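Let's take a walk through this one together.

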Amino acid sequence: FLETGQVIDLINKTITKLKKSEDICLPDGVALVMTPWFSPFISTMIYVIDAVSRGDSVIIKPSSGSPNTTQVLSDMFSDAFPDYYIKVILKGRNVNRSLLNIEYDKIYFSGSKETGKTVMEKAYENLTPVKLDVCDVCAYILRKSDNIRDAAQFIVDNKYIFCGQHKDAIDYVLVDNEVSDEFKKILIEETEEITGGDPLVYDSYGKIRNKESYERLCKLMDK
């Protein structure tokens with residue numbers, strides 16, 4: 001529901017902006033949208049909304065790691081638009097390189113640095129404009145003058161949404177020594193509230209996407 005609400009809000013804002021704008025947007029042509037398995041719905045829709053608002057047709061290749069959301073996207077767009085306007089590719093990762101061998105007018109990509117490099121290499125061959133959003137380490141700096149409670153709430157919400165399985169999740173926090181103890185106390189309180197104290201059995205908290213990812217995280221914690 002969180003992603004759906006954000007997408008609806010973005011659509012409404014885009015419509016309002018288009019109505020008020022006096023600029024004429026010229027379509028690029030055919031856009032390729034490649035998105036990751038984490039927060040797959042909103043990651044895809046952000047790019048699709050941008051492309052469609054310009055008048056582009058879109059080929060969407062979601063991650064093979066989120067097959068259920070990919071099917072939802074495919075059903076949704078096939079019900080609303082003809083394939084020549086918006087088409088969702090349902091095949092797995094092996095089709096990525098074949099898709100990138102096709103010349104597009106614009107490429108939207110969000111995901112890992114490794115795949116991002118491949119996208120850039122292919123785009124360079126055809127001088128295709130790319131909107132690139134790759135995963136990186138995210139930090140939060142907390143100063144003693146900041147509101148500690150607000151900061152803790154933001155950090156916890158950011159980190160634990162989608163179980164931390166998204167590219168913008170905060171990885172570490174730099175805290176002023178004078179407020180570090182207070183921050184730790186509040187951070188624990190906020191974490192327990194959002195996870196129910198025991199996230200493994202709390203029904204309202206999301207789960208890790210598959211067994212392999214869960215086992216990898218367990219090994220990291222053991223270290």
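Start with helix 8, which covers residues 211-222. Glu 215 and Lys 211 both sit in this helix, four residues apart, so about one helical turn separates them. The two form a salt bridge, and their closest N and O atoms are 4.0 Å apart. Keep in mind that you're looking at a predicted model, so that distance, like the others here, comes from predicted positions. Why does Lys 211 count as exposed? Its relative accessible area is 60%, and the cut-off for exposed is over 50%. Glu 215, at 39%, is partly exposed.

Why would such a pair form at all? Side chains of opposite charge can pair when their charged atoms come close. The count for this structure comes to nine salt bridges, so let's look at some others.

Take Glu 178 and Lys 144, whose salt bridge has its closest N and O atoms 3.4 Å apart. Glu 178 lies in the loop between strand 7 and helix 7 (180-195), while Lys 144 lies in the loop between strand 6 (139-142) and helix 6 (148-160), so this pair ties together parts that are 34 residues apart in sequence. Glu 178 is exposed, with a relative accessible area of 63%, and Lys 144 is partly exposed at 48%. There's also a network of salt bridges, which links Arg 149, Lys 185, Glu 189 and Glu 190.

One more pair leads us on to the strands. Lys 87 forms a salt bridge with Asp 83, with 3.7 Å between the closest N and O atoms. Both partners are partly exposed: Lys 87 has a relative accessible area of 34%, and Asp 83 has 48%.

Now for the strands themselves. Strand 3 takes in residues 86-88, and it pairs with strand 2 in the parallel sense over three bridges. Here Ile 60 has Val 88 of strand 3 as its bridge partner. To get from strand 2 to strand 3, the chain passes through helix 3 (residues 67-80), and this β-α-β crossover is right-handed.

Strand 2 has another partner too: strand 1 (residues 30-34) pairs with it in the parallel sense, over five bridges. In this pairing, Met 34 stands opposite Lys 61 of strand 2. The chain goes from strand 1 to strand 2 by way of helix 2 (residues 40-53), in a β-α-β crossover that is right-handed.

Is strand 2 largely enclosed or open? Four of its five residues (57-61) are buried, so the rest of the structure largely encloses this strand.

Val 137, Ile 141, Tyr 172 and Leu 174 make a nonpolar surface patch of about 410 Å². One of these, Tyr 172, belongs to strand 7 (residues 172-175). Tyr 172 is partly exposed, with a relative accessible area of 41%, so it passes the cut-off of over 30% that patch residues need.

Last stop: the cysteines. A disulfide is a covalent bond between the sulfur atoms of two cysteines. How many disulfides does the structure hold? The count is zero.

Conventions
Residues are numbered from 1 along each chain as its sequence is written. This is a predicted model: local features need pLDDT of at least 70, side-chain atom pairs count only at pLDDT 80 or more; totals for chains, interfaces and linings use all residues. Side-chain values use heavy atoms; hydrogens and water are left out. Buried means under 20% relative accessible area, exposed over 50%, partly exposed in between (1.4 Å probe, protein chains only). Helices (H or I, at least four residues) and strands (E, at least two) are DSSP runs, numbered from the N terminus. Two strands pair if DSSP finds at least two bridges between them. A crossover is right-handed if, with the strands pointing away from the viewer, the path from the first strand over the helix to the second runs clockwise. Patches are made of residues with over 30% relative accessible area and no salt bridge: like charges are joined within 9 Å, nonpolar side chains (Val, Leu, Ile, Met, Phe, Trp, Tyr) within 5 Å. Accessible areas come from the Shrake-Rupley method with a 1.4 Å probe; for residues, only the protein chains shown count as cover. A salt bridge is a side-chain nitrogen of Lys or Arg within 4 Å of a carboxyl oxygen of Asp or Glu. A disulfide is a pair of cysteine sulfur atoms within 2.5 Å.
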